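Student: Please take a close look at one part of this model, the contact between the two chains. How are the copies related, and through what surface do they meet?

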Protein chains: 2
Amino acid sequence: MTSKIEKGPPSTSECKATLNAIADALYVIGGKWKLRIIVALKEGNKRFNELHRVIGGISAKVLSTELKDLELNGFINRKVFTGTPVVVEYELSPYAETLNEVLHSLSEWGARHREKVRKSMKKQKALA
Amino acid sequence: MTSKIEKGPPSTSECKATLNAIADALYVIGGKWKLRIIVALKEGNKRFNELHRVIGGISAKVLSTELKDLELNGFINRKVFTGTPVVVEYELSPYAETLNEVLHSLSEWGARHREKVRKSMKKQKALA
């Protein structure tokens, strides 16, 4: 049903089905940070502070909440290594791999439209 | 660079480039509603109240802000038909078409993982 997006205008029911599917997807991976956390973990497992450093602009509080959500929704695992000190690492689950196509299309779009997006950012900042 | 997502773990610089591209994309189309508004307009031009009805759960105030952002960023045009009463319609711009692949991959993912997502929704509501 969603392949119709690429062709003519979709019918009302197709539109509704696509809307629902996108709403479902955005429910678990929407927002400013979740996909960025997942991409950062693709490079390898990371501790909280490493993640905080790699993903610029996120507060520790928000990062903590986002990690909990991602864990609850099965995208990441929290690995605890007992010892002194206790080390906690975050790793992607196999389920997170299912997002590859979404991540790929988003990053392709972002790279291709970079100039326009940067201009938009400036405009929005000037208006704020 | 982003095609590496599908293969082994990306290097730090690849990861950084992908992170930036995704951050750029999410800057203009991130959040809960923007992509849903775009999908709703794929079916055809709509007036404010029609959009409000089709996209369940959005408040009029938020819809209004989102429409302004989408217009500022070039994804939609606001068409004003003078007359009595004045009619205002929103339509997608050709630029919005560039999001087809992103929308396609998101809705495919949402449709494929519907069961798991619905379970997550229940879990999160139970915790809230």
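Tutor: Copies are superposed by least squares on the C-alpha atoms of residues with pLDDT of at least 70 in both. This is a predicted model, in which local features need pLDDT of at least 70 and side-chain atom pairs count only at pLDDT 80 or more, while totals for chains, interfaces and linings use all residues. Residues are numbered from 1 along each chain as its sequence is written, and chains are lettered from A and ligands numbered from 1 in the order in which they are written.

Chain A is superposed on chain B by a rotation of 180° with 0.0 Å of shift along its axis, at an RMSD of 0.0 Å. That is the relation of a two-fold axis. In chain A, the C-alpha of A:Gly31 is nearest the axis, at 2.3 Å.

Two residues are in contact if their C-beta atoms, placed from the backbone, lie within 7 Å. On that basis 50 residues from chain A and 50 residues from chain B take part. On the chain A side, helix 1 (12-29), helix 2 (34-42), helix 6 (100-112) and helix 7 (114-127) each give two or more residues; helices (H or I, at least four residues) and strands (E, at least two) are DSSP runs, numbered from the N terminus. This side of chain A has 24 nonpolar, 16 polar and 10 charged residues, where Ala, Val, Leu, Ile, Met, Phe, Trp, Tyr, Cys and Pro count as nonpolar, Asp, Glu, Lys and Arg as charged, and the others, Gly among them, as polar. Of the interface residues of chain A, 100% are also interface residues in chain B, so the copies meet through the same surface.
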